[in-house]
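Look at the model shown here.

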Amino acid sequence: MTNDDISPILKIFAMPVAFIFIALGILTVLGGHITPGGGFQGGAMIASGIILVILVFGLDDSPIELSHKYISIIETLGALGFIFIGLVGLVYGGSFLYNVGTDFYSIVPNFIVNIFHYPDVTNAGDVPYFNILVGLKVFVGLTAVVIAFLGFKSVAEEAEEDD
């Protein structure tokens, strides 16, 4: 099935549904510290919205452009941010991923606690930030897999046409 064979109704339907998936994914990531879900689930929801658009419109005609450079930057930020916050816990709390935003044992200096204190009544500390970073990694990872598969498929189709 080529991109021209896809119904215009499906193309009209895909974008609003994708934005709903993306919005619900962001909501899941940001509320993951107080509700079921979190970074992985929210990242998968965001990726499903992007994947829906890519599958309906095709890799080349998709209105959502994700370049290799953009994907690399987002995934690197997610990984480095997770490691950085984990190391802050190691340096100031004594263990990797110590929750310096809540500081259960009062061993972290106040200025560090204030930096990582999440402004929420539940006071989850670092957990929301970890959810955001994991959500970025999952979103980019799942989307990159689908983009790679679609790229391989188009290369295989071109090779068949040449034969």
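In this predicted model, the side chain of Thr-102 reaches the backbone oxygen of Asn-99 at 3.4 Å. Thr-102 sits in the loop between α3 (68-93) and α4 (110-116). Is Thr-102 buried or exposed? Thr-102 has a relative accessibility of 18%, so it counts as buried; the cut-off for buried is under 20%. Its contacts reach further along the chain. Setting aside residues up to four places away in sequence, Thr-102 touches Asn-123, Ala-124 and Gly-125.

Most residues other than glycine have a negative phi. Leu-97, which lies in this loop, has a phi near 70°, a positive value in a residue other than glycine. Ser-106 is found in the loop between α3 and α4 too. Ser-106 is not a glycine, yet its phi is positive, at about 55°.

How exposed are these residues? Leu-97 is partly exposed, with a relative accessible area of 36%. Ser-106 counts as exposed, at 64% relative accessibility. The cut-off for exposed is over 50%. Thr-102, in the loop between α3 and α4, counts as buried.

**The loop between α2 and α3**

Now move to another loop. Ser-62 is placed between α2 and α3. With a relative accessibility of 4%, Ser-62 counts as buried. Which backbone oxygen does the side chain of Ser-62 reach? The answer is that of Ile-64, at 3.1 Å. Leaving aside neighbours within four places in sequence, Ser-62 is in contact with Val-53, Ile-54 and Phe-57.

Leu-66 is also in the loop between α2 and α3. Leu-66 counts as buried, at 18% relative accessibility. Once neighbours within four places in sequence are left aside, Leu-66 is in contact with Ile-50, Ile-71, Thr-143 and Ile-147.

**Thr-143 in helix α5**

Thr-143 belongs to helix α5 (residues 127-162). Thr-143 is buried, with a relative accessible area of 1%. Its side chain reaches the backbone oxygen of Phe-139 at 2.7 Å.

What does Thr-143 touch, not counting residues up to four places away in sequence? The list is Ala-47, Ile-50, Ile-51, Ile-54 and Leu-66. Sequence and space tell two stories here. Leu-66 and Thr-143 are 77 residues apart in sequence, but their C-alpha atoms are 9.0 Å apart in space. Thr-143 and Ser-48 are 95 residues apart in sequence and 7.9 Å apart in space, again C-alpha to C-alpha.

Here are the side chains that reach a backbone oxygen.

| Side chain | Backbone oxygen | Distance |
|---|---|---|
| Thr-102 | Asn-99 | 3.4 Å |
| Ser-62 | Ile-64 | 3.1 Å |
| Thr-143 | Phe-139 | 2.7 Å |

**How helices cross**

Next come the helix pairs. Take α3 and α5. Their axes come within 9 Å and cross at roughly 150°. That makes α3 roughly antiparallel to α5, because angles over 145 degrees count as roughly antiparallel. The crossing of α3 and α5 is left-handed.

Which residues make this contact? From α3 come Ile-71, Ile-74, Glu-75, Leu-77, Gly-78, Ala-79, Gly-81, Phe-82, Ile-85 and Gly-86. From α5 come Tyr-129, Phe-130, Leu-133, Val-134, Leu-136, Lys-137, Val-140, Ala-144 and Ile-147. By class, the contact of α3 with α5 has 14 nonpolar, three polar and two charged residues.

Now take helix α1 (residues 8-30) and helix α2 (residues 39-57). The axes of α1 and α2 come within 7 Å and cross at roughly 170°. This makes α1 roughly antiparallel to α2. The crossing of α1 and α2 is left-handed. The residues of their contact divide into 17 nonpolar, eight polar and one charged.

Note on methods: Residues are numbered from 1 along each chain as its sequence is written. This is a predicted model: local features need pLDDT of at least 70, side-chain atom pairs count only at pLDDT 80 or more; totals for chains, interfaces and linings use all residues. Side-chain values use heavy atoms; hydrogens and water are left out. Helices (H or I, at least four residues) and strands (E, at least two) are DSSP runs, numbered from the N terminus. Buried means under 20% relative accessible area, exposed over 50%, partly exposed in between (1.4 Å probe, protein chains only). Contact means heavy atoms within 4.5 Å. A polar contact is a pair of N or O atoms within 3.5 Å; within protein, one must be able to donate a hydrogen and the other to accept it, and residues adjacent in sequence count only if both atoms are side-chain atoms. Axes are lines fitted to C-alpha atoms, for helices over the stretch in contact, and angles run from 0 to 180 degrees between N-to-C directions. Angles under 35 degrees count as roughly parallel, over 145 as roughly antiparallel, 65 to 115 as roughly perpendicular and the rest as oblique. A crossing is left-handed if the near helix is turned anticlockwise from the far one by less than a right angle, and right-handed if clockwise. Ala, Val, Leu, Ile, Met, Phe, Trp, Tyr, Cys and Pro count as nonpolar, Asp, Glu, Lys and Arg as charged, and the others, Gly among them, as polar.
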